[in-house]
Every structure is written in structure tokens, then in C-alpha cells.
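Good morning. Please have the sequence and the structure open while I talk. I will go through them part by part.

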Amino acid sequence: MADGALYQTALAELGDVTARITAAETAAACALIADAGQLVLYGCGREGLLVRGFAMRLHHLGLRVAMQGDMACPPVGPGDLFIASAGPGELSTVTALMQVARGAGADVLFLTAEPATPTARLATQVLTIPAQTMARDTAPGASTVLPMGSIYEGALFVLFEIMVLRLRERLGATPEAMRARHTNLE
């Protein structure tokens, strides 16, 4: 397959997933984020890299945000929100951290492609990204181009950018204010 066709197939697969992310779940997730006292985010592997990028944008919006595992990560409690991504639905680290957050009184936003898993029941809100992950990458109908969990991860990037736009509107953050919060240590 030529490069142009590979790009088109990959974009079509991502477009199919993003078209099936529900506006109601996205709006509910944005409301939880906007109303939280502080935000702590977590994701494993490549998902974690995308979650980290989202955390950066939330910071640019002026929200109090940290990544779980960073040395300066604060504790969570009532009024706070723990955001975790586990595309395949069940990742022991994510499940354990969600249990700790709920036990401390924090709300939990869970991003996953598998909303019917036991871990999803721990969440205050589930945001479903109906994409192929490693849980289903060998099943019939699996991606012909993007391997393993790449469709989920690509859809996360697009979803996070749309959520930032929705949050920017909701919070009244200007592009100039966001830019002023960007690091100058690059």
C-alpha cells in the first residue's frame, strides 16, 4: 500500500472512532473537569504520553493539574478529580489508583474502549472511546493499518483537543492567557 493510501486508511479509521464518541459523555467529562478543585491524571504506556499532553493543556487553561507519579503530585480528596485512561478496560495500576482516589472522596473520570469492565464501575463518569485497543487487536475487523492500541491512542489525541476547545469556551480562557501559561524554559 502506498504512503498516501496508508494515511487515508489511518485517518478514516480514526474518523470512524471519533464520530462515535458521544457528545453527552464528552460534555459530562468537561463539566467534571471544569468543576474540580484539582485534577490528577494517569495513563499507562503510550496512553500515558497522551494523558500527559492533556494535562499540559489543562494547565494552560489555568486549572490545577498534576500527573500521578510525578514527585510534586498532591493528594486527592473531596472536590478533586482523578482522570485515568485504560483503553483495554482492565489495567491493575489504573484500577488500584481509581480505588484509592474513590476511597479518598475524589471523583473519577475513566476513559476506556471497554465501558462494561469492572474497573468502569469504580468511576463517577465513564468516557467511552469506541476504538480498537490491544484487548481486541487480533479480533475480526481489526485495523488493517494501525497496530495494537494506536487507534485508541490517536482518538485520545483528537478527543483531548476537542475537550480543550470546549473547556476553553466554558472557562472563558483566551488563547493569549493559555499562551502566557506555557513554559518559557524550552
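First, the ground rules. This is a predicted model, where local features need pLDDT of at least 70, side-chain atom pairs count only at pLDDT 80 or more, and totals for chains, interfaces and linings use all residues. Residues are numbered from 1 along each chain as its sequence is written, and side-chain values use heavy atoms, with hydrogens and water left out.

Let us begin with helix H1. Helices (H or I, at least four residues) and strands (E, at least two) are DSSP runs, numbered from the N terminus. H1 takes in residues 3–19, which makes 17 residues. From its first C-alpha to its last, H1 reaches 24 Å, close to the 24 Å expected at 1.5 Å a residue. That expected span is 1.5 Å times one less than the number of residues.

Which residues of H1 are buried? They are Ala10, Glu13, Leu14 and Val17. These residues cover an arc of only 95° around the axis, so they sit on the same side of H1. The arc is taken from the directions that run from the helix axis to the C-beta atoms. On the other side of H1, Gln8, Leu11 and Ala19 are exposed. Buried means under 20% relative accessible area, exposed means over 50%, and partly exposed is in between (1.4 Å probe, protein chains only).

Now the salt bridges. There are five in the structure, and I will show some of them. A salt bridge is a side-chain nitrogen of Lys or Arg within 4 Å of a carboxyl oxygen of Asp or Glu.

Asp35 pairs with Arg170, and their closest N and O atoms are 3.7 Å apart. Asp35 counts as exposed at 57% relative accessibility, while Arg170 is partly exposed at 46%.

Another salt bridge joins the side chains of Arg46 and Glu153, at 2.6 Å from N to O. This pair links distant parts of the chain, with Arg46 in helix H3 (residues 45–60) and Glu153 in helix H5, 107 residues apart. Is Glu153 buried or exposed? Glu153 is buried, with a relative accessible area of 11%.

Asp70 and Arg52 also form a salt bridge, the closest N and O atoms being 3.4 Å apart. Asp70 is in the loop between strand S2 (65–67) and strand S3 (81–85), and Arg52 is in helix H3, so the pair ties together parts 18 residues apart in sequence. Asp70 is partly exposed at 35% relative accessibility, and so is Arg52 at 40%.

Helix H3 also holds His59, which is partly exposed at 37%. The C-alpha atoms of His59 and Arg181 are separated by 7.4 Å, although these residues are 122 apart along the chain.

Next, cysteines. Cys44 is partly exposed at 23% relative accessibility, whereas Cys30 is buried at 6%.

Last, the surface patch. Phe157, Val158, Ile162 and Leu165 make a nonpolar patch of about 320 Å². Patch residues have over 30% relative accessible area and no salt bridge, with like charges joined within 9 Å and nonpolar side chains (Val, Leu, Ile, Met, Phe, Trp, Tyr) within 5 Å. Accessible areas come from the Shrake-Rupley method with a 1.4 Å probe, and for residues only the protein chains shown count as cover. Leu165 is in helix H5 (residues 150–171) and is partly exposed at 37%.
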